[in-house]
Amino acid sequence: MFNLIKRDFILQKWQLLVFILLVLFFVLLDRQHPAFIFLLASVIIPINTLAYDEKTETNILLNSLPYTRIEIISSRYIGAIVFIILATGVTSILLYVFNKPFSITDIAISSSLALFLLSFYLPMSYIIKPGYTFPVAMISFLVLAGIVPPIVSYLGEKLTSFTDFLLNLSVPIFYTSAILLCLAIYGASWSITSYIYRRKAF
C-alpha cells in the first residue's frame, strides 16, 4: 500500500515544483489570508493525483496488480493526509522565509477544511463519469462556498444557545473539536469510498 503512495510522489515530482511555485506566488502576492494559502496547498496535490489517474485510467492497471481494492483506497486517503502534512510544512517554511505572519489557528482551519473537502471529493471521483469529476467538484465547491456562510449565519441567529456555547469554548478546545469532527467525517468518507470502489467495475 505504501508503494502506491510512493508512486503518487514519483508521478507528481514535476507537479510538485509547480505546486511550490504556485504557493510561493500566493505568499508573495500578500493579498490572501494564510489559511487560504494553507488550504490551497493542502488540496491541490491530492486532487491533481486523482485527476491524473482518471485521465490515464490508472485504476484498470492498479486492479491488475497484487493489491486489494481496500488497499488502493486506503493509499488514497493516507496519501492525502501525508500530502496535507507536507504541504503545511512547505507553506509554513515559505511564509516564514518571506516574513509573512501566520498562526496555528490558520493551520487548524485549513487542515480541517482540507479534510472536509476531500471527504466529499474522494468518493465523488469514483461515482461521477470519468472526465467530469474535476468540473463537478469545482462547481460544487463554489456552490458550497456561496450557500454555506448564509446558512451558518442564519443558524447562528436562530440557535442562540448553541452559538453561546461555541463562543464560550476556549480556542484550543474549539479547533481541536473541529479537527476531530473533520477526521470523523474523513473516516466515514473512507468507508463509503471503499464500499463504492469494491463494487465498481473497471
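## Burial and surface

Of the chain's 202 residues, 34% count as buried. Buried means under 20% relative accessible area, exposed means over 50%, and partly exposed lies in between (1.4 Å probe, protein chains only). The accessible surface of the chain comes to about 12000 Å². Carbon and sulfur atoms hold 73% of that surface. Such areas come from the Shrake-Rupley method with a 1.4 Å probe, and for residues only the protein chains shown count as cover.

This is a predicted model: local features need pLDDT of at least 70, side-chain atom pairs count only at pLDDT 80 or more, and totals for chains, interfaces and linings use all residues. Residues are numbered from 1 along each chain as its sequence is written, and side-chain values use heavy atoms, with hydrogens and water left out.

## Overall build

The chain has nine helices and zero strands. Helices (H or I, at least four residues) and strands (E, at least two) are DSSP runs, numbered from the N terminus. Take the contacts with a separation of 6 or more: residues 24 or more positions apart account for 82% of them. A contact means heavy atoms within 4.5 Å.

Helix α1 spans residues 2-11. Its residues Leu4, Ile5, Arg7 and Asp8 are buried. They lie on the same side of α1, because they cover an arc of only 150° around the axis. The arc is that of the directions from the helix axis to the C-beta atoms. On the other side of α1, Phe2, Asn3 and Lys6 are exposed.

An α-helix has 3.6 residues a turn, so residues three or four places apart point the same way.

## The nonpolar cores

A nonpolar core is a set of buried Ala, Val, Leu, Ile, Met, Phe, Trp, Tyr and Cys residues joined through side-chain atoms within 4.5 Å. The largest has 23 residues. Leu118, Leu122, Tyr126 and Tyr186 have the most contacts inside it. Helices α3 (34-56), α5, α6 and α9 (171-198) each give two or more residues to this core. Helix α6 gives the most, with six.

Leu122 touches Leu50, Tyr77, Tyr186 and Thr193, not counting residues up to four places away in sequence. A second, separate core has 13 residues, including Ile45, Phe83, Ala87 and Ile107.

## A nonpolar patch

Leu28, Ile93, Tyr96, Val97, Phe98 and Phe102 make a nonpolar surface patch of about 620 Å². Helix α5 (residues 69-97) gives the most to this patch, with three residues. Patch residues have over 30% relative accessible area and no salt bridge, and like charges are joined within 9 Å, nonpolar side chains (Val, Leu, Ile, Met, Phe, Trp, Tyr) within 5 Å. A salt bridge is a side-chain nitrogen of Lys or Arg within 4 Å of a carboxyl oxygen of Asp or Glu.

Phe98 sits in the loop between α5 and α6 (104-125). Phe98 counts as partly exposed because its relative accessibility is 35%.
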